[in-house]
Amino acid sequence: MKGNLEALLVMFGKTPKKPKQIAQPAQVIHLQKRTEKITKQQIEEIRQELRDVEAGKYSKKWRNRRWISIIVINLMFTLSFWIDIQLFEGSIIASRVLGFHMADLYSALQVVLAYKVMFINLIIGTVTVFIIWILLGGRAFCSWVCPYHLLADIAEKIHLKLAAKKWVTNHEFHRGVRPVFFIVFSILAFVLSYSLFNSINPVGMISRALIYGPGIAIVWLLFLFLFEIFYSRRAWCRYVCPMGLTYGLTGALSPLQITYNLSACQHETACHIVCEVPHVLECVKKGRAGNIEVDIGTDCTLCGACVDVCPTSSLRFEFKGLSHIS
Ligand code: SF4
Ligand code: SF4
């Protein structure tokens, strides 16, 4: 299951390790791979493939699908407001969609902590969103709905181009700071009776800017954008955003996930290059898979970049109990 204890600990910042137990069928494949000879031509092909991935030359099928999804969903709020058809009311953080209340889980927690009251619409909206994202994969919200994700994708693209020219360097932080931000923002809301997080959350800012027009928030968004280009790749999502962490927890029981198959994998780790959360892909390293089929951990955003880039189709979308999705 993608939300097992180890996957949750890794999401909270633990460094992923080789599993203590490796199933017998997986041991057989690991042994075969250790002893099989790789030709010079195969090595050169793998090197070329990695160079292509680093240069961004690979299929963008899933990337295009999720960009369309983000744009369409967010534009629905904007158009609904502009032409006043009231199908999508509010913003991506708190809304009424086709009459159903929706509330982002962590933003709702902030409201409860700050105002110390439970609004009935907030409870309905939170439960609705919780059920939706259990079914749809938890952090799939990040890749398929969150408007900041699209901005971060663009910043990352620019960052990687500049990094390839050695004009910028990526500064990494410990992933364990994200749960710390989660706790600190929660305590601040309770103590200050005010949601500092909701005031600086770029997700809500972009959503509201698209609907009501940009205001002073644009300065903070510009700062984050430049910070991610010039200093730290995908910093907000990787090290700060408590919304991403909440959706990761929500998706722990989700049937929708990425599944890894050991058999055909050539362990060149092209997927690590494109993945926003490469710690979830530890199993693709040589000798690391604990079984032939491995569920990718709940911190995965289901962006599909690894599916796009994998030359052997060893990573696939799967709806547990139903089938693979291509
Ligand atoms: S981590 Fe936060 S900002 Fe990043 S994509 Fe997810 S919800 Fe959006
Ligand atoms: S594991 Fe694959 S689908 Fe999940 S975040 Fe990484 S690249 Fe995206």
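In this predicted model, Phe185 counts as buried because its relative accessibility is 7%, which falls under the 20% limit for that class. Phe197 is likewise buried, with a relative accessible area of 0%. The rings of Phe185 and Phe197 form a tilted aromatic pair, with 5.3 Å from centre to centre and 55° between the planes. This pair links distant parts of the chain, since Phe185 belongs to helix 9 (residues 177-192) and Phe197 to helix 10 (residues 196-200), 12 residues apart. Both residues also take part in one aromatic cluster, formed by Tyr106, Phe181, Phe182, Phe185 and Phe197.

Aromatic pairs in the model number 15. Among them is that of Trp62 and Phe317, also tilted, with a centre-to-centre distance of 4.3 Å and an angle of 40° between the planes. Trp62 lies in helix 4 and Phe317 in strand 6 (residues 315-319), so that this pair ties together parts 255 residues apart in sequence. Trp62 and Phe317 are both buried.

The patch covers about 1,200 Å² and includes Ile71, Leu75, Trp82, Phe100 and Tyr212. Ile71, which is placed in helix 4, is partly exposed, with a relative accessible area of 41%.

The residues around ligand 1 include Arg139, Cys142, His149, Trp236 and Gly244. Two or more residues of this shell come from each of helix 7 (140-144), helix 8 (147-164), helix 13 (235-240) and helix 14 (242-250). By class, the shell consists of nine nonpolar, two polar and one charged residues.

How values were computed
Residues are numbered from 1 along each chain as its sequence is written. Chains are lettered from A and ligands numbered from 1 in the order in which they are written. This is a predicted model: local features need pLDDT of at least 70, side-chain atom pairs count only at pLDDT 80 or more; totals for chains, interfaces and linings use all residues. Side-chain values use heavy atoms; hydrogens and water are left out. A residue is near a molecule or strand if one of its heavy atoms lies within 4 Å of it. Helices (H or I, at least four residues) and strands (E, at least two) are DSSP runs, numbered from the N terminus. Ala, Val, Leu, Ile, Met, Phe, Trp, Tyr, Cys and Pro count as nonpolar, Asp, Glu, Lys and Arg as charged, and the others, Gly among them, as polar. Patches are made of residues with over 30% relative accessible area and no salt bridge: like charges are joined within 9 Å, nonpolar side chains (Val, Leu, Ile, Met, Phe, Trp, Tyr) within 5 Å. Accessible areas come from the Shrake-Rupley method with a 1.4 Å probe; for residues, only the protein chains shown count as cover. A salt bridge is a side-chain nitrogen of Lys or Arg within 4 Å of a carboxyl oxygen of Asp or Glu. Buried means under 20% relative accessible area, exposed over 50%, partly exposed in between (1.4 Å probe, protein chains only). Rings of Phe, Tyr and Trp (its six-membered ring) pair if their centres lie within 6.5 Å; planes under 30 degrees apart count as stacked, over 60 as edge-to-face and the rest as tilted.
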